[in-house]
Amino acid sequence: MTNTFDKGFWESHWQHDGEQVEDERIAPNPYLEIELAGLTPGTALDAGCGEGAEATWLATRDWHVTAADISAEALRRAAAQTDTAAERVEWVEADLSAWQPSAQFDLVTTFYAHPAMPQLSFYRRISDWVAPGGTLLIVGHLDAGGHGHNPLREASVTAASVRAVLDSSRWHVVTAEEHDRTLNDRSGRPVSLRDVVVRATRHTSHSPLG
């Protein structure tokens, strides 16, 4: 079932719902440092980069990052936040349900990205962009169950459902966890998040892109 997370949705979100304070620095997702500590920097794709906090974090740690998002407004904000590591980030406006990279990456990350395609199909699609021996890191919203039409529920997953997308003949799953955490939003109010975190390493046997 196709959801409503198209370009129009995300442009509206960033222009109206995601108002940014001047010079505000957005904190990167905490699972970046937890899951990627010890990896040797190389090429990385941040799929659905939003305001670019994760892409910038990677670039400041010597990764060469392609940061892709469907929203021009999100990319404008992201580029404005990047300074010392700007030369190591390429911002790409792209619909990731249709866009195809010209090469694979040593690392592919995605954080709460919801495209206009089924969520698990999206994860399967971006997993093909990881080079042999490379790493895939998926952080998504945990499916809390329930009934009825809810776009966010349709875009939510479980650790088991993400893990099932990754063929064991091609992937070694290192992390497949579900977490509850609390953070403060931009107004200082506490927000509860239920996260799915999956990290996997692609086997080194050759596999063509796509």
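This is a predicted model: local features need pLDDT of at least 70, side-chain atom pairs count only at pLDDT 80 or more; totals for chains, interfaces and linings use all residues.

Colleague: How many bridges join β6 to β7?
Modeller: These two strands also run antiparallel. The number of bridges joining β6 to β7 is 13.

Colleague: Is Thr 175 buried or exposed?
Modeller: Thr 175 lies in strand β6, residues 171–184. Its relative accessibility is 6%. Buried means under 20%. Thr 175 therefore counts as buried.

Colleague: What is the length of the polar contact between the side chains of Thr 175 and Glu 35?
Modeller: Set aside residues up to four places away in sequence. Thr 175 then touches Glu 35, Val 197, Val 198 and Arg 199. With Glu 35, the side chains also make a polar contact, and its length is 2.9 Å.

Colleague: What distance separates the C-alpha atoms of Ala 159 and Glu 177?
Modeller: Ala 159 is in helix α7, residues 159–165. At 6% relative accessibility, Ala 159 counts as buried. Beyond its neighbours within four places in sequence, its contacts include Ala 176, Glu 177 and Glu 178. Ala 159 and Glu 177 are 18 residues apart along the chain, and their C-alpha atoms are separated by 5.8 Å.

Conventions. Residues are numbered from 1 along each chain as its sequence is written. Side-chain values use heavy atoms; hydrogens and water are left out. Helices (H or I, at least four residues) and strands (E, at least two) are DSSP runs, numbered from the N terminus. Buried means under 20% relative accessible area, exposed over 50%, partly exposed in between (1.4 Å probe, protein chains only). A polar contact is a pair of N or O atoms within 3.5 Å; within protein, one must be able to donate a hydrogen and the other to accept it, and residues adjacent in sequence count only if both atoms are side-chain atoms. Contact means heavy atoms within 4.5 Å. Two strands pair if DSSP finds at least two bridges between them.
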